[in-house]
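Keep the viewer open as you read.

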Amino acid sequence: MLFDILTIFPGFFSSPLQDGLLSKAIQKDLIQVRPINLRDFTHDRHNTVDDRPYGGGEGMVMKPEPIYEALETLRTEPPAPYVVLLSPRGRLFHQEMAHEWAGLERLLIVCGRYEGIDERVARFVDTEVSIGDYVLFGGEAAALVILEAVARLIPGVLGCETSSQRDSFSDGLLESPCYTRPPDFLGQRVPEVLLSGDHARIARWRREQSLLVTLQRRPDLLKSIELSETDREFLEMLGWSCDT
Ligand code: SAM
């Protein structure tokens with residue numbers, strides 16, 4: 001899968017792309033990542049990408065022309081990209097979106113800076129996305145979040161495919177707690193069931209822990225997933241009711 005990232009700071013991505021599983025995925029040619037300098041699509045001496053806001057006010061706004069030209073140029077290369085504009089006003093990025101996008105051939109992410117991007121650019125993208133209810137300096141960190149979340153769902157990127165299936169949000173729940181050696185750490189013992197070797201018991205324990213931690217920390221998630229009869233009985237035992 002090809003990730004194009006349109007940015008005024010292409011250097012921002014050099015270290016993340018050289019480390020860990022992202023770099024391995026690139027080496028294995030499972031993904032390609034191209035940070036693209038927006039200034040290459042300007043035509044003045046200073047490679048200007050911003051200007052003062054109409055109506056007055058603080059800061060600068062990203063001009064529409066370089067972004068439009070970049071999108072038009074990049075769209076001439078196949079395969080056609082799905083274009084994502086980063087903005088705190090966009091729809092909230094989540095795991096389901098990451099799953100959907102992991103099936104694309106090409107994602108083109110547009111990073112804003114300054115006070116944001118001229119509103120007229122929105123007509124030329126497929127969607128506007130926010131990574132959370134807070135404001136960053138720019139879209140680069142958000143693009144990296146999306147890149148990681150999507151890339152790890154591409155077959156072959158993670159060493160063990162089943163590990164992403166057990167991740168939080170994959171089945172709508174938070175993941176159950178995980179442990180490694182030593183079996184006793186400062187008096188805290190690893191739950192006995194995980195040492196039992198009984199795979200059916202372990203699977204049941206993990207599911208119950210997943211339900212428990214989701215109920216404790218993100219009960220809102222329980223409303224939007226399909227629960228089995230056994231799940232419901234377990235949750236009801238913990239005081240949960242489907243009407244809450
Ligand atoms: N003035 C804008 C507002 O209040 O909505 C914030 C602009 S922000 C300083 C500059 C750029 O960073 C945005 O255009 C966007 O590309 C990116 N950005 C900041 N926070 C973001 C978030 N939560 N999700 C996605 N992108 C974000």
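In which loop is Leu186 found? Leu186 sits in the loop between β8 and β9 (188-189), where helices (H or I, at least four residues) and strands (E, at least two) are DSSP runs, numbered from the N terminus. Before going further, please note that this is a predicted model, in which local features need pLDDT of at least 70, side-chain atom pairs count only at pLDDT 80 or more, and totals for chains, interfaces and linings use all residues. Residues are numbered from 1 along each chain as its sequence is written, and side-chain values use heavy atoms, with hydrogens and water left out.

Leu186 has a positive phi of about 50° although it is not a glycine. Most residues other than glycine have a negative phi, and most peptide bonds are trans. With a relative accessible area of 77%, Leu186 is exposed; the word means over 50% relative accessible area, while buried means under 20% and partly exposed lies in between (1.4 Å probe, protein chains only). Asp29 also has a positive phi, near 65°. Asp29 belongs to the loop between α2 and β2 and is exposed, at 58% relative accessible area.

Step back now to the helix that Asp29 follows. In α2 (residues 20-27), the buried residues are Leu22, Ser23 and Ala25. Because they cover an arc of only 160° around the axis, they lie on the same side of α2; the arc is that of the directions from the helix axis to the C-beta atoms. These buried residues pack against α1 (14-18) and α5 (140-151).

Helix α3 (residues 64-75) can be read in a similar way. Its buried residues are Pro66, Ile67, Ala70, Leu71 and Leu74. Their arc around the axis is only 130°, which puts them on the same side of α3. An α-helix has 3.6 residues a turn, so residues three or four places apart point the same way. The cover over the buried residues of α3 includes β1 (2-7), β2 (32-37), β5 (82-92) and β6 (106-110).

Is Arg106 buried or exposed? At 1% relative accessibility, Arg106 counts as buried. Its side chain makes a polar contact of 2.8 Å with the side chain of Asp4. Such a contact is a pair of N or O atoms within 3.5 Å; within protein, one must be able to donate a hydrogen and the other to accept it, and residues adjacent in sequence count only if both atoms are side-chain atoms. A polar atom of the Arg106 side chain also lies 3.0 Å from the backbone oxygen of Leu74.

Beyond its neighbours within four places in sequence, Arg106 is in contact (heavy atoms within 4.5 Å) with residues including Pro78 and Pro79. A cis peptide bond joins Pro78 and Pro79, with omega about -5°, and Pro79 has its place in the loop between α3 and β5.

Finally, look at the ligand. Among the residues that surround it, the closest are Leu86, Gly112, Glu115, Tyr134 and Leu136, counting a residue if one of its heavy atoms lies within 4 Å. One nitrogen atom of the ligand is 2.9 Å from a polar backbone atom of Glu115, and a nitrogen atom is 3.0 Å from a polar backbone atom of Leu136. Taken alone the ligand exposes 580 Å², and the protein buries 84% of that, with areas from the Shrake-Rupley method and a 1.4 Å probe.
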